[in-house]
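Student: I'd like to learn how to read a few features of a model like this one. Could you walk me through it?

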Amino acid sequence: MEIVSLNTIFIIAFFIPGYIFIHTKDYFLLKCEKSQFEKTIQGLIASLVIWGVFLLIKHQPFNEQKEAIINVFILFKFKNNEIAKEYLIQNRQIIIKLLLLVCLYSFFLAIIYSLVRKNILISNLIHLLTRRDYFERVKIRFFFEGINGTIIVSM
């Protein structure tokens, strides 16, 4: 019995881009602490979107190798073929390069999303449509909007 199987490595590699996206986005946006369950669900959804976009984009580095690895991976998952498993292990360098490329995409996508979300026009539009505010708490909004304001203290 393998302690670290190929399926475990695939699951971890699947979650890494979403995890990077969620934590980078939360770093740039004003968000409070989330529960581990919420982080996991958001990471899963982000990973699904990021991997889906990555697999559908045809114009990127290592595209031919990506297509070959996807075909072998599908063969491995549905037929449990030892030849496919051996091919994936032999091409682990290109798989690592592809994983690093996806992680880089997710990092830059999170930065772009955060910059767009911080825009006041986009924030107002999202608030109009969803009634959700950019700020998690009222006091954060107060301090953010009144940072250069004058405070009068009276007794």
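Tutor: Helices here are DSSP runs of at least four residues, numbered from the N terminus. Leu48, for instance, is found in helix H2. Keep in mind that this is a predicted model.

Student: What are the residue range and the reach of H2?

Tutor: H2 covers residues 36–56, which is 21 residues. From first C-alpha to last, H2 reaches 30 Å, close to the 30 Å expected at 1.5 Å a residue.

Student: And which residues of H2 are buried?

Tutor: Buried means under 20% relative accessible area, and exposed means over 50%. In H2 the buried ones are Gly43, Ala46, Ser47, Ile50, Trp51 and Phe54. Looking down the axis of H2, you'd see these buried residues fall within an arc of 130 degrees, so they line one face of the helix.

Student: Which residues are exposed on the other side of H2?

Tutor: Phe37, Ile45, Leu48 and Leu56. Take Leu48: its relative accessibility is 51%, so Leu48 counts as exposed.

Student: Which residues form the nonpolar patch on the surface?

Tutor: Ile11, Phe15, Phe37, Ile41, Leu44, Ile45, Leu48, Val49, Val53 and Ile57, with about 890 Å² of accessible area together. Helix H1 (6–28) and H2 are the elements that give two or more residues to this patch. H2 gives the most, with seven residues.

Student: Now the aromatics. How do I describe a pair of rings?

Tutor: You give the distance of the centres and the angle of the planes. The count here comes to six aromatic pairs. One of them is Phe14 with Phe15, edge-to-face at 5.7 Å centre to centre and 75 degrees between the planes. Phe14 has 25% relative accessibility, so it counts as partly exposed; Phe15, at 32%, also counts as partly exposed.

Tyr27 and Phe28 form another edge-to-face pair, with 5.2 Å between centres and 85 degrees between planes. Tyr27 is at 67% relative accessibility and therefore counts as exposed, while Phe28 is partly exposed at 31%.

Student: Which residues do ring pairs link into a cluster?

Tutor: Trp51, Phe54 and Tyr105.

Student: One last thing: is Arg117 buried or exposed?

Tutor: Arg117 sits in helix H5 (residues 92–118). Its relative accessibility is 9%, so Arg117 counts as buried. Arg117 and Phe28 are 89 residues apart in sequence, and their C-alpha atoms are 9.8 Å apart in space.

Technical notes: Residues are numbered from 1 along each chain as its sequence is written. This is a predicted model: local features need pLDDT of at least 70, side-chain atom pairs count only at pLDDT 80 or more; totals for chains, interfaces and linings use all residues. Side-chain values use heavy atoms; hydrogens and water are left out. The expected span of a helix is 1.5 Å times one less than its number of residues. Buried means under 20% relative accessible area, exposed over 50%, partly exposed in between (1.4 Å probe, protein chains only). The arc is that of the directions from the helix axis to the C-beta atoms. Patches are made of residues with over 30% relative accessible area and no salt bridge: like charges are joined within 9 Å, nonpolar side chains (Val, Leu, Ile, Met, Phe, Trp, Tyr) within 5 Å. Accessible areas come from the Shrake-Rupley method with a 1.4 Å probe; for residues, only the protein chains shown count as cover. A salt bridge is a side-chain nitrogen of Lys or Arg within 4 Å of a carboxyl oxygen of Asp or Glu. Rings of Phe, Tyr and Trp (its six-membered ring) pair if their centres lie within 6.5 Å; planes under 30 degrees apart count as stacked, over 60 as edge-to-face and the rest as tilted.
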